[in-house]
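Thanks for coming. Please have the sequence and the structure open.

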Amino acid sequence: MKKFSVKTIVATGIGAALFFVLGRFVAIPSGIPNTNISIQYGLLAFIAAVFGPIAGLLAGLIGHFFIDFSYGWGVWWSWVITSAFFGCFVGAGASKLKIEDGEFAVKDIIYFNVVQVIGHLLSWAVIAPILDIVMYQEPANKVFVQGLVSAGVNILATAIVGTLLCIAYAKAKPKQGSLKEEA
């Protein structure tokens with residue numbers, strides 16, 4: 001598990017800010033009411049995979065809170081909590097990856113995407129609809145359709161955006177032992 005360090009705090013702040021900007025200004029309507037194609041989940045999965053579950057949880061929680069708050073309709077806590085859960089889940093599930101060491105091979109890409117698919121399905125097809133029903137007395141048929149659509153589009157967006165961010169970040173990192181000391 002990654003430690004809660006200055007690096008984690010900075011990653012959380014940057015992750016939450018970028019999550020907010022992408023979620024607020026790059027939201028693509030899905031055709032289902034109050035449900036968008038959200039590329040910010042690719043960024044959140046990347047932040048969580050690199051910096052751990054605490055950074056993922058807080059970036060999702062803070063970023064989603066400010067998205068809802070900025071729209072003026074009030075904070076939809078069920079989905080804020082679910083974004084936090086997704087960030088934490090990916091951070092914990094992807095902890096075995098060594099992206100920080102410059103490693104992100106095909107097997108890592110597959111593993112990252114298995115983790116994010118499971119995380120999105122749990123988050124949007126199970127947790128968010130249940131919280132909507134319990135917290136807001138929303139109709140089950142409505143929230144489960146929203147949840148399934150959200151899971152599907154978020155899986156696709158994360159598979160593209162999250163994977164590309166992880167590949168780019170790993171390639172930008174020097175490989176372990178690649179730097180030689182000059183005599």
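Start at Phe66, which counts as partly exposed because its relative accessible area is 41%. On this scale, buried means under 20% relative accessible area, exposed means over 50%, and partly exposed is in between, with a 1.4 Å probe and protein chains only.

Two sentences on how to read the numbers. The model is predicted, so local features need pLDDT of at least 70 and side-chain atom pairs count only at pLDDT 80 or more, while totals for chains, interfaces and linings use all residues. Residues are numbered from 1 along each chain as its sequence is written, and side-chain values use heavy atoms, with hydrogens and water left out.

Now the aromatic rings. The whole structure contains 13 aromatic pairs. Rings of Phe, Tyr and Trp (for Trp, the six-membered ring) are paired if their centres lie within 6.5 Å; planes under 30 degrees apart are stacked, over 60 edge-to-face, and the rest tilted. Tyr41 and Phe86 are an edge-to-face pair, because their ring centres are 5.9 Å apart and their planes stand at 80 degrees. This pair joins distant parts of the chain, with Tyr41 in helix α2 and Phe86 in helix α4, 45 residues apart. Helices here are DSSP runs of H or I of at least four residues, numbered from the N terminus.

Are these two side chains buried or exposed? Tyr41 is buried at 3% relative accessibility, and Phe86 is buried at 0%. Back to where we began: Phe66 pairs with Phe65, also edge-to-face, at 5.1 Å centre to centre and 85 degrees between the planes. Phe65 is partly exposed, at 24%.

Tyr41 and Phe86 also belong to one aromatic cluster, together with Phe19, Trp79 and Trp124.

Phe86 has another neighbour to look at, Ser123. Ser123 sits in helix α5 and is buried, with a relative accessible area of 0%. Leaving out residues up to four places away in sequence, Ser123 touches Thr82, Phe85, Phe86, Ala128 and Pro129. Contact here means heavy atoms within 4.5 Å.

Next, the core. Which residues have the most contacts inside the largest nonpolar core? They are Ile99, Phe104 and Phe112, in a core of 29 residues. A nonpolar core is a set of buried Ala, Val, Leu, Ile, Met, Phe, Trp, Tyr and Cys residues joined through side-chain atoms within 4.5 Å. Six helices each supply at least two residues of this core: α1 (6–25), α2 (40–51), α3 (53–71), α4, α5 and α6. The largest share, 10 residues, is from α2.

Lys173 takes us to the charges. There are 4 salt bridges in the structure. The term means a side-chain nitrogen of Lys or Arg within 4 Å of a carboxyl oxygen of Asp or Glu. One of them joins Glu100 and Lys173, at 3.3 Å from N to O. The partners are 73 residues apart, with Glu100 in the loop between α4 and α5 and Lys173 in the segment after α6. Glu100 is partly exposed at 23%, and Lys173 is partly exposed at 24%.

Another bridge links Lys142 and Glu138, with an N to O distance of 2.6 Å. Lys142 is partly exposed at 35%, whereas Glu138 is buried at 16%. Bridges that share partners join Lys7, Glu100 and Lys173 into one network.

One backbone item. Most residues other than glycine have a negative phi. Gln137 is not a glycine, yet its phi is positive, at about 55 degrees. Gln137 lies in the loop between α5 and α6 and is exposed, at 62% relative accessibility.

Last, the surface. A nonpolar patch of about 1,000 Å² includes Trp77, Ile110, Ile118, Met135 and Phe144. Patches are made of residues with over 30% relative accessible area and no salt bridge; like charges are joined within 9 Å, and nonpolar side chains (Val, Leu, Ile, Met, Phe, Trp, Tyr) within 5 Å. The areas come from the Shrake-Rupley method with a 1.4 Å probe, and for residues only the protein chains shown count as cover. Helices α4 (77–93) and α5 (106–136) each give at least two residues to the patch, and α5 gives the largest share, 9 residues. Phe144 is in helix α6, residues 140–172, and is partly exposed at 31%.
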